[in-house]
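Work through the exercises below with the sequence and the model at hand, and try each task before reading its solution.

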Amino acid sequence: AIALRPTHIGSYDHFYRVLCRLDRYEEAIETGERALALARKHLGEVPDDQEARLHAALLQGRMGLLDEARATVRAARRFAPKDPYTLFHAALVHALVDDPEEALALLKEAQERGFHIESEAASNPDLDILRGRAEFRRLLS
C-alpha cells in the first residue's frame, strides 16, 4: 500500500501498528518517523488532507509524542469541527494520550453526529483505556 500510494499516511500508521505487534520496534520507529516527516511535507502541499492529519496525530500518540499529537488533533478539529470522522479519530488520539474524559466526550459527539462507533470502537485497541467505564459501555449499546 505504501509503494502504491506513498502519501497515504494511514498506510504507514497501520504498518507501524503491525510492526509493533511483531515486536519489530526499530522498524516501527523508522516507519513512524518517515511517515511523520512525509505528513508534514504532504500537509504543507495539501493542507486539506484531513485523513493524513488524523493519522499523523494517531502516529504521534502511538510514538509517545503526546504534545505533538494533541496539537495535531487540535488542528484537525479546527479544520473540521463537526465532522463525525474527525471527532471519532480525535477520540482515538485522546485515548492514546491518556485523556479518557475527552475521548469519551468526542466519541459521544461523533455518535450524535452520525458516526456508527459501535463496530469501530468495540475492538479498537486504541480505546482500551475506556473499556472498564460504564459511559463507554453505554455508547456501545
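A salt bridge is counted when a side-chain nitrogen of Lys or Arg lies within 4 Å of a carboxyl oxygen of Asp or Glu. The model is a predicted one, in which local features need pLDDT of at least 70 and side-chain atom pairs count only at pLDDT 80 or more, while totals for chains, interfaces and linings use all residues. Residues are numbered from 1 along each chain as its sequence is written, and side-chain values use heavy atoms, with hydrogens and water left out.

**Exercise 1.** Characterise the salt bridge between glutamate 101 and arginine 133.

*Solution.* Start with the distance, which is 2.6 Å from N to O. Finally, assign exposure, where buried means under 20% relative accessible area, exposed over 50% and partly exposed in between, with a 1.4 Å probe and protein chains only. Glutamate 101 is partly exposed because its relative accessibility is 47%, and arginine 133 is partly exposed because its value is 24%.

**Exercise 2.** Is arginine 62 buried or exposed, and which residue does arginine 62 pair with in a salt bridge?

*Solution.* Arginine 62 pairs with aspartate 13, the closest N and O atoms being 2.7 Å apart. This pair connects helix α3 (residues 50-62) with helix α1 (residues 9-21) across 49 residues. Arginine 62 has 17% relative accessibility and therefore counts as buried, as does aspartate 13 at 0%. Both belong to a salt-bridge network that also includes Arg17 and Asp126.

Notes: Helix = DSSP H or I, 4+ residues; strand = E, 2+ residues; numbered from the N terminus.
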